[in-house]
Amino acid sequence: MLFTAFRIAAIVEGITTLALFFVAMPIKYMLHDPLWVQIVGPLHGYAFLLYIALMAMLMRKAPWTNADVIRASLASLIPFGTFLNDGAIKRRWQTAQAI
């Protein structure tokens, strides 16, 4: 359940990052309409906080290496990062469940 919640949070965080960078911010600066950033910005902020909180909880349940923590943390900071990191997270979870 926790792992599924984390993966969903990662997808939502990734989608809101892309929406902020590639939709809301261009509209703000090209069309001079800040409304989109005012809506998408807080959504992304909450998604990011949820991602970090669930990552911390998941790390305790399925021990992660330092490299896992760094990779998952950096993935939340770059566009497409959480999508690219999904496979590694899934493999880590499967390994932890097999033990």
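In helix H2, the buried residues are Val-37, Val-40, His-44, Ala-47, Tyr-51, Leu-54, Met-55 and Leu-58. The structure discussed here is a predicted model. Helix H2 spans residues 35–61, a run of 27 residues. From its first C-alpha to its last, H2 reaches 40 Å, close to the 39 Å expected at 1.5 Å a residue. Its buried residues pack against helix H1 (2–31), H3 and helix H4 (81–98).

### Core and contacts

Which residues touch the most other members of the largest nonpolar core? Within this set of 14 residues, they are Phe-6, Tyr-51, Met-55, Leu-58 and Trp-64. H1, H2, H3 and H4 are the elements that give two or more residues to this core. As a general point, nonpolar side chains in soluble globular proteins tend to be buried together.

Leaving aside residues up to four places away in sequence, Leu-58 touches Leu-2, Phe-3, Phe-6, Trp-64 and Trp-93. Of these partners, Phe-6 and Trp-64 are also among the core residues named above.

### The chain as a whole

The protein chain contains four helices and zero strands, and along the sequence these give the pattern α-α-α-α. Among contacts with a separation of 6 or more, 68% join residues 24 or more positions apart. The table collects further values for the chain.

| Property of the protein chain | Value |
|---|---|
| Box filled by the C-alpha atoms, along the principal axes | roughly 55 × 20 × 20 Å |
| Buried share of the 99 residues | 33% |
| Accessible surface | about 6,300 Å² |
| Share of that surface belonging to carbon and sulfur atoms | 73% |
| Distance between the mean positions of the 8 positive and 4 negative charges | 11 Å |

### Leu-74 in helix H3

Helix H3 covers residues 66–75, and Leu-74 lies within it. Is Leu-74 buried, partly exposed or exposed? Leu-74 is classed as partly exposed because its relative accessible area is 48%, a value that falls between the 20% limit for buried residues and the 50% limit for exposed ones. Leu-74 and Asn-85 are eleven residues apart in sequence, and their C-alpha atoms are 9.5 Å apart in space.

Methods: Residues numbered from 1 in each chain as written. Predicted model: local features only at pLDDT ≥ 70, side-chain atom pairs only at ≥ 80, totals over all residues. Heavy atoms only, no water. Buried < 20%, exposed > 50% of the residue type's maximum accessible area, 1.4 Å probe, protein only. Contact = heavy atoms within 4.5 Å. Areas by Shrake-Rupley, 256 points an atom, 1.4 Å probe, with all protein chains shown as cover. Lys, Arg positive; Asp, Glu negative; His and termini not counted. Charge placed at Lys NZ, Arg CZ, Asp CG, Glu CD. Expected span 1.5 Å × (residues − 1). Core = buried A, V, L, I, M, F, W, Y, C linked by side-chain atoms within 4.5 Å.
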